[in-house]
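Have the sequence and the coordinates open as you read.

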Amino acid sequence: MCSPLHQPDGPLLPDAGRRTFLRAAALTGAAAAATGLVSATPAAALPQQNAGAATSRWRPDPESPRFTLVVMPDTQYLFDGASINKAPVEASLRYVLDHGRDENIVFLSHLGDLTESGRADEFEAIGEAFELLDRRQVGYSVVAGNHDIKSSTDDGRGRTPYLDTFGPRRMRQLPTFGGATPDGYNTYHVFRAAGREWLVLALDWRPSAASLTWARNVIAKHPDTPVVLTTHELVYADADGDEAEFSDHGEHLWDELIAGHDQIFLTLNGHYWPAGRTTRKNTAGNDVHLHLTNYQNRYYGGSAMIRLYRFDLARNTIDVETISPWILGRAGERLNELERGEIELTGPQDRFAVPIDFEKRFAGFAPVPVRGPRPAERLLIPGTVAYWRFDSPTHPDGSAAADLRVPDLSGHRNDLVREAVPGSAPDALRWSTGHHPDQPGHGSLYFDGSKPPLRGAYLRTENNAPLNTKTFRSGYTIEAFLRLPADWDAGRNAWSAVLGRRGTLGAAGKTSGDLDEPVATLSVSDGPGLQWAAAPLNQPGAVTNWSHELPRDRWWHVAVVNDGKHTTMYVDGCVVARNPATRTTGLATAGLPWLLGAYEYGGRLDQLMHGWLGDIRIVERPLRVRDFMTAPTPPPH
């Protein structure tokens, strides 16, 4: 086993490069504090530009899928007896204040060894620095490191300068504080981000058996809450920063607490250097990410460097960055080569991404509720002229019958009937229980079409269906759920249609473009992507909207909305880029049926769908995204 390198003359990390990563906001607060190497602005004397902000409460966005957890490791060399330098810590804390909104910073965790000797004067100085966060009610946690206290375990330790400065009496003034052990040396904190609660468990340097029992109880009282565990010592890395390993005490914490509690998905500790990280499987078989961050061996005692853990639940990633706001705030000065190299660390242990499928990782203790099917009548909003769904309880799987008839649930008699290319297999159209997670009906039809030779089956409205002649002069919304299989191939399957109108542009009286093209089609291009090519009433030919390419083997929702003036395509509720500015009013028609899963050219069947189609709805007015079928169910009307 490698030996820990927690020593003043430990090896330096390799030079992180000479990047001078400058943020647009320029750290005005940090620059104001960083007036020299040893002088510091008193914590009570906030810069003038922050004076108004000092009295307003911190309000991060609790629903955004992106948020930032800030981590500050060992600052002990900045608070070492007569050598006290608050400026770097204040600069880092001002960074939190200055960038809280654009970074959506929700919490800050200090990893212990706040001071060198645990003296009252040392704690008084760093305590004053943290008043910057207190005044704005910014949530944070601290833990005691071995330099902060005298005795090894928290039980019976009694009163210390650490506890006097950062004990529960101070912490309970913050909105994120949850509670503490009776002695005050272990705390927990709860913040809301990405639409849910997260718990930070801040454990002492050497928690006793009673404190670990307390920690288990805290987790048990928050059974569906992800937990970030912070403590001073857990893992260490070798001189090259290779994969980290447990210290003896870290192994004890793993065995007694971490491994058996699936909610703990990330641990953060300092104490050792260089920085390092590893992952271990807990008893539930899930990854726990174990990170060591500490820069006290670097220039200016680490200059109160901070780690930014940028959680992005939309991308299932945590992006990690390590910066020195104190040096960054002085970037306009003549920094020397050493200082410039410390603005941002870019080595593999300091700047990296952690891929986490959060929904899957948290499923064992906080599964995402499965959205149940919704009654069809709840989807019949005003203006609905056709609504089809394929969740027939009598046909959960297997081939669709040759005489299949799918009713129009809107009540407007736009029923669908099955057609097939002669010679196609009986199961070219078959039932499926697959569906988009936000789809009202929990079922779909699988269309197994391709060419050459042309084969497959499709659906169409009957010749006398009212939908066939509608022109939608006041606007329309067409929505569909679809999924392309992993074996979808452009050579065999491109240019099939999700749905469209039978009849050519020429037959509808148009004079521009390829007059053999259909009058309207929502097609799957060779990307595969989605193309809405339709002839408005006010244009001589078709106007086209294009989506981006769609990854195979996942469900998508597409909506095409016309407001009487322009047509806009949405994919999963997001506007696509290639929406033409051309004025488009209504839809031309040749009075012929609509097709589902089929595309015609020159009035003849040319390609059939290869993939799944779920619910399809047509409304004769423009809808907002919040009114799409993926949105929360509207109340009955």
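The model is a predicted one, in which local features need pLDDT of at least 70 and side-chain atom pairs count only at pLDDT 80 or more, while totals for chains, interfaces and linings use all residues. Residues are numbered from 1 along each chain as its sequence is written, and side-chain values use heavy atoms, with hydrogens and water left out.

**Around β7**

Strand β6 (residues 177–180) pairs with β7 in the antiparallel sense over three bridges. Here helices (H or I, at least four residues) and strands (E, at least two) are DSSP runs, numbered from the N terminus, and two strands pair if DSSP finds at least two bridges between them. Six residues lie between β6 and β7 in their hairpin, and G184 in the turn has a positive phi of about 90°.

On to the next partner: β7 and strand β8 (residues 196–202) pair in the antiparallel sense over seven bridges. A193 has R196 in β8 as its bridge partner. These two strands also form a hairpin, with two residues between them, and A194 in that turn has a positive phi of about 55°.

Is β7 enclosed or open? Six of the seven residues of β7 (residues 187–193) are buried, so the strand is largely enclosed by the rest of the structure. Buried means under 20% relative accessible area, exposed over 50%, and partly exposed in between (1.4 Å probe, protein chains only).

**The sheet that holds β29**

Further along, an open sheet of eight strands runs in the order β21-β22-β25-β34-β27-β28-β29-β30, with antiparallel pairing. Its edge strands are β21 (405–406) and β30, each of which pairs on one side only. Strands of a sheet pair through backbone hydrogen bonds, either parallel or antiparallel.

| Strand pair | Sense | Bridges |
|---|---|---|
| β6 and β7 | antiparallel | three bridges |
| β7 and β8 | antiparallel | seven bridges |
| β28 and β29 | antiparallel | five bridges |
| β29 and β30 | antiparallel | five bridges |

Strand β28 (residues 518–524) is joined to β29 by a hairpin through four residues. A520 stands opposite A534 in β29, and A534 also has V543 in β30 as its bridge partner. Q531 has W546 in β30 as its bridge partner.

In a regular strand the side chains alternate between the two faces of the sheet. How many residues of β29 are buried? Six of its six residues are, which leaves β29 mostly covered. Both faces of β29 are covered, with G529, Q531 and A533 buried on one side and L530, W532 and A534 buried on the other.

**Inner spaces**

The chain has three cavities of 30 Å³ or more. On a 1 Å grid over the protein atoms alone, a cavity is a set of points where a 1.4 Å probe fits but cannot get out, and a pocket is an open set with protein on both sides within 12 Å along at least five of seven lines; lining residues have an atom within 4 Å of a point. Grid points are joined across faces, edges and corners, and a volume is the space filled by probe spheres set on the points.

The largest cavity holds about 50 Å³ of space. Its lining includes Y476, W532, A534, V543 and N545. The elements giving two or more residues to this lining are β29 (529–534) and β30 (543–549). By class, the lining of the largest cavity has seven nonpolar, four polar and no charged residues. Ala, Val, Leu, Ile, Met, Phe, Trp, Tyr, Cys and Pro count as nonpolar, Asp, Glu, Lys and Arg as charged, and the others, Gly among them, as polar.

The largest pocket has a volume of about 640 Å³. Of its 15 lining residues, L313, A314, N316, E359 and V368 lie nearest its centre. By class, the pocket lining has ten nonpolar, one polar and four charged residues.

**The chain as a whole**

The chain has twelve helices and 37 strands. Buried residues make up 57% of its 637 residues.
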